[in-house]
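We will go from one stop to the next, and at each one I will tell you what to look for.

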Amino acid sequence: MKELIDAMTSNPDEFIHLISEKSDGFSQEYAAFLDSIDPLKDLHELFELKGLTPFAGHSLGPVFKPAVKEIERINELQASQLHEGHFPETREHGGNWFDCDIEEEAIKAMQAMLGFSDPCEFLYTQEGLSSNLGRLVDTFYRPTLMDWQSGKTGFCHLGKEFFSDQAVIESVLKRGIQTAKGFGVFSASMPAPSPSSLALKILPDEKGLYSEEVIIHFVKEHAAQMQILHLSDIVFSTGQRLDITRILTELKDTIEQHHIIVGLDLAHTVGNRTLNLCELPVTYAVGCGYKHICGSAGSGFGIYVNKNTDLEKYPPIQGWKAAASDKVFDLIDGYASEIMMQKGAWAFRCSNPSPVALAPVKTYIKTMSQIGWDKLNAKSECLTRYMHALIQQHLGDKIEWITPDAPKKCGAMLVFRVKGISDVRQIETLLKTANELGAFEIDVRPPNNIRVTAHYGYTQFTDIHKMVARLEQVVHLLLEQKKQESLTLTSIKQGKESGFFEQKIGKTAPFSPQHAQASKEQDSLMLTSIEQRRENGFFEQQTSETNPNPSSLQHTQAGNGGFIP
């Protein structure tokens with residue numbers, strides 16, 4: 001047992017090996033046993049869980065209770081001491097609000113996860129990913145006259161990148177073009193380009209997966225046209241994790257030779273997997289504070305800016321918070337450039353940060369860093385591989401995996417499609433419907449991808465087992481419903497081809513145009529009836545009568561094709 005307990009937070013390969021050796025290793029009873037011996041089981045109590053069991057933490061995680069307490073502490077300090085909460089003397093009571101965005105303990109905790117070398121390279125922000133990305137790329141997209149003339153104006157990104165990233169990139173390109181117009185860069189012989197023509201898109205395969213070889217080749221081929229290379233570490237739609245270290249290591253000389261700014265979208269990485277930014281030629285990075293980190297909806301996160309970035313060439317917008325906090329009050333009615341921060345993310349400080357807005361991300365990162373990201377990552381991988389094995393075991397012939405199998409090629413999120421079901425939103429809806437197994441939140445993304453995530457903090461092995469049992473019921477239900485509808489439609493078609501409807505009408509009255517119209521109306525009513533049966537749960541009722549209340553995976557498999565909704 002000790003080997004199994006240790007493996008859960010240190011060796012996912014050994015964990016899967018040990019449970020696979022047992023005949024009941026993937027049973028509901030053994031899932032309960034795994035929960036009982038989980039060395040991190042107490043983490044479960046730190047999350048507020050009501051009603052839905054979350055399997056879509058890649059989109060929005062549940063409430064993190066310590067963050068709520070921290071917000072209460074901040075509010076209490078403001079109620080009792082008002083303005084004094086801004087100063088270092090109140091730090092132990094949730095204060096020092098002037099510098100809450102660069103709090104030493106919180107910066108060190110983030111450093112343990114992202115692997116940057118200098119504290120000044122990370123800044124907590126109340127703004128979300130898109131606002132931060134816009135601020136950064138608008139700073140770093142600065143083509144010169146020579147760049148416009150030579151064509152070095154491109155912005156390279158993944159072709160199926162998240163909509164908001166693409167919207168920000170489009171906006172920045174528009175602004176760049178407009179600035180160039182204002183300086184008379186364009187003419188009849190060199191007309192202004194469209195923003196879309198400056199977007200260099202790396203395309204995925206038919207599953208939405210990217211090849212590292214293709215990315216490397218594409219960047220090398222278009223390097224002379226490129227101002228910025230923007231990549232995601234984990235792709236939001238497929239769960240694929242790119243080998244960023246390999247990509248940027250092989251491109252290091254190209255990046256240096258062509259002076260390319262490199263940025264990372266870490267929306268699905270932070271709180272999920274770790275990075276070593278200090279080893280990579282990355283200029284900037286952004287992340288998300290309400291997915292794996294469980295902040296409130298829309299919570300801010302922060303920005304990373306490499307300390308070696310030339311901020312004389314790329315000056316950021318600064319406010320009074322970019323000045324040294326211990327000197328700015330003496331110059332409050334003036335300005336002195338010598339007290340302004342000159343490097344890293346701290347040089348991007350602007351206005352007062354809200355301690356309440358930063359509380360969710362800071363509290364979470366500090367709490368989890370005390371446990372250790374090595375243990376959390378190992379536990380996460382154990383849960384993910386367990387869920388993958390269970391889904392494959394019970395739905396393997398009915399699904400198509402999108403997320404790569406190799407653990408190093410993915411994070412906590414798994415993505416798959418169900419064969420024969422064209423609208424997987426039905427699956428999402430039915431899983432959320434209360435059932436004796438529970439109610440479960442997953443989510444879907446185009447074209448027909450189902451996304452599920454097991455989280456090291458709040459997901460238990462029994463949760464996974466129940467979710468997969470319910471998923472199997474729902475998939476079988478929808479496939480059976482589709483089969484019944486197909487049979488009914490075939491019957492209608494055969495009836496029309498054999499003249500069945502005309503014969504029925506012919507027995508009651510001679511043929512007339514009115515009879516022909518009646519035939520069409522009858523067909524329409526029958527088709528409407530099928531749809532009404534579908535909406536009213538007719539097919540679900542029919543199938544559930546054949547096999548009432550299957551309560552487990554074993555029972556479901558033993559049933560005769562009947563599944564409750």
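Which strands does helix H6 lie across? Select residues 129–140 to show H6 in this predicted model. The helix lies across S5, S7, strand S8 (261–266), strand S9 (284–287) and strand S10 (302–305). Against S9, helix H6 runs at about 165°.

Now bring up the sheet itself. It is an open sheet of seven strands with mixed pairing, in the order S4-S10-S9-S8-S7-S5-S6. Select 122–124 for S4 and 199–202 for S6: these strands stand at the edges with a single partner strand each, so one side of each has no neighbour in the sheet. From one strand to the next, the twist averages 15°.

Zoom in on one pair next. Select residues 154–158 (S5) and residues 226–232 (S7), which pair in the parallel sense over four bridges. Here His157 stands opposite His230 in S7.

Time for the interior. In soluble globular proteins, nonpolar side chains tend to be buried together. The largest nonpolar core here has 94 residues, and Met110, Phe140, Tyr364 and Ile365 touch the most other members. Colour domain 1 (1–39 + 376–475) and domain 2 (71–329 + 337–370): both give residues to this core, so it lies between them.

Centre on Tyr364. Leaving aside residues up to four places away in sequence, Tyr364 touches Phe47, Phe64, His292, Ile293, Cys294, Trp373, His455 and Tyr456.

For the last stop, select Phe15, Ile442, Ile464 and Val475, which are included in a second, separate core of 47 residues.

Note on methods:
Residues are numbered from 1 along each chain as its sequence is written. This is a predicted model: local features need pLDDT of at least 70, side-chain atom pairs count only at pLDDT 80 or more; totals for chains, interfaces and linings use all residues. Side-chain values use heavy atoms; hydrogens and water are left out. A nonpolar core is a set of buried Ala, Val, Leu, Ile, Met, Phe, Trp, Tyr and Cys residues joined through side-chain atoms within 4.5 Å. Buried means under 20% relative accessible area, exposed over 50%, partly exposed in between (1.4 Å probe, protein chains only). Domain bounds come from an automatic or database domain assignment. Contact means heavy atoms within 4.5 Å. Two strands pair if DSSP finds at least two bridges between them. Helices (H or I, at least four residues) and strands (E, at least two) are DSSP runs, numbered from the N terminus. Axes are lines fitted to C-alpha atoms, for helices over the stretch in contact, and angles run from 0 to 180 degrees between N-to-C directions.
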